Amino acid sequence: MTTTVDFVDPLELVDAERYGRRGYPHEVWTRLRAEAPVARIEPPGWERFWAITKHADVQYVAKEPLKFSSAGGITLRRAGAALPPPTEILVLQDPPKHGPMRRVANPNFTPRGVRARRDDIDEIAAEILDAALADSDELDFVDAVAAPFPLAVIASVLGAPRSDVDDLFRWTNEIIGKDDPEFRRDGETPGQTIKRARGELHAYLVGLIDQRRSAPQDDLVTLLLGADLDGVPLRPDTLLAYAELLVEAGNETTRNAISGGLLALAEHPAEWEKLRANPDLVPDAVEEMLRWVSPISHFTRLATEEVEVAGVTIPKGEQVALYFASANRDEDVFDDPFTFRVDRNPNPHLTFGFGEHFCMGAHLARVEIEVMYRRLLERIDSFEVSGPIERLSSITNGSLKRLPIRCRRRA
Ligand code: HEM
């Protein structure tokens, strides 16, 4: 089997600006799946890594957290960049530390935990849509709907006031969009942008944690303050890392599933009509939007020993990239993977990852997207994209910065 590929320009996989211009490199992944499903990629300026593009192989690696560690970081490394120092961030923990730490917050995110919040989420969705559609039939769907909604939901889960959502919006844009010049201040490098924005978000969360320490409420920050690991309360840095991860992980991803889903419906008007005629299809449509958009293109792992994947030997200490977005177009798993069908079922996509680190917010995200689309279908008959869309320059987040639409409201 081919491992070193000369048919792929490695920059197609690591140049953020290309992702910003053209979206995901699906044609490259399709060829890799067919000809080199475990491929060695050596992009100039980056550490060499192994691209895993098939559904079964992504699952295999994600299920072996001791052989494929998250502690060495989950994004591709620039050449010469040091491994990140040990941290308290859940998504960067390996077993045996990871499980107990996950169980601290997990009850809030089970289907039952999320069901208890559904009415609140529904109210937030209706409020945001009504405000967005109040003055005009033309709007930027990202700015008016898809971005503020998940932020307002995560603010409510954590216990942050709604009035702080604008600040959270700015910081998280700067952290995740650091490679995009739009989100950098004049004279800042991406590294400086992320450092500054992280510092500001930290200071904000420390303030919120202090407030809850003195005045507990029924929210997740209060729960984390009362939680313990083996009888020992969470350390302040663990607590902060937890709150920060929830703000970052639950925000941009859900935004992009909602906005990317609407773009897919705009590009497939018959599917929108199908959904309008039968809103019971919304849960299946949500899964298809998740598969189609795959808001996280990939995360990485570090091989802790020499290990084989699909017959290819990965040397100890090298990075592997799990291309969830490619697995979601795997011809061996999905019929017509490049067809968007709101009634696709089953739909075993890997949008939320797999195994040890399977997304803790998956149920919350599903409810958010479902509720948003139910409310949207109640309010509009049809819509079209009314101006140029813009994508974020990022190799990890498949993100729309702007999605201008014109809609006709329901009578
Ligand atoms: C459509 C929306 C979302 C997508 C596509 C998404 C995607 C992912 C993916 C791919 C992972 C796996 C990380 C890995 O394997 O290294 C993950 C983990 C995680 N996600 Fe999400 N996510 C979404 C929404 C959310 C929400 C709403 C929250 C919470 C508020 C959340 C919280 C987390 C957390 C805490 C983890 C780490 C879990 C662990 O390490 O055990 N996510 N997410």
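**Close-up views of a predicted model**

**View 1. An open sheet of three strands has antiparallel pairing and the order β4-β14-β11.** Strands are DSSP runs of E with at least two residues, helices are runs of H or I with at least four residues, and both are numbered from the N terminus; two strands pair if DSSP finds at least two bridges between them. The edges are formed by β4 (138–140) and β11 (380–385), each of which pairs on one side only. The structure is a predicted model, in which local features need pLDDT of at least 70 and side-chain atom pairs count only at pLDDT 80 or more, while totals for chains, interfaces and linings use all residues. Residues are numbered from 1 along each chain as its sequence is written.

**View 2. β11 and β14 (residues 404–409) pair in the antiparallel sense over five bridges.** Within this pairing, F383 stands opposite C407 of β14.

**View 3. The shell around the ligand includes 26 residues, of which G250, T253, G353, C359 and G361 come nearest.** A residue is near a molecule if its C-beta atom, placed from the backbone, lies within 6 Å of it. Helices α13 (236–249), α14 (252–267) and α18 (362–379) each contribute at least two residues to the shell.

**View 4. A243 is among the residues with the most contacts inside the largest nonpolar core, together with F149 and L158.** This core has 74 residues; a nonpolar core joins buried Ala, Val, Leu, Ile, Met, Phe, Trp, Tyr and Cys residues through C-beta atoms within 7 Å, buried meaning 20 or more other C-beta atoms within 10 Å of the residue's own. A second, separate core of 35 residues includes W29, W46, A321 and F354.

Technical notes:
Buried ≥ 20, exposed ≤ 12 C-beta atoms within 10 Å, placed from the backbone.
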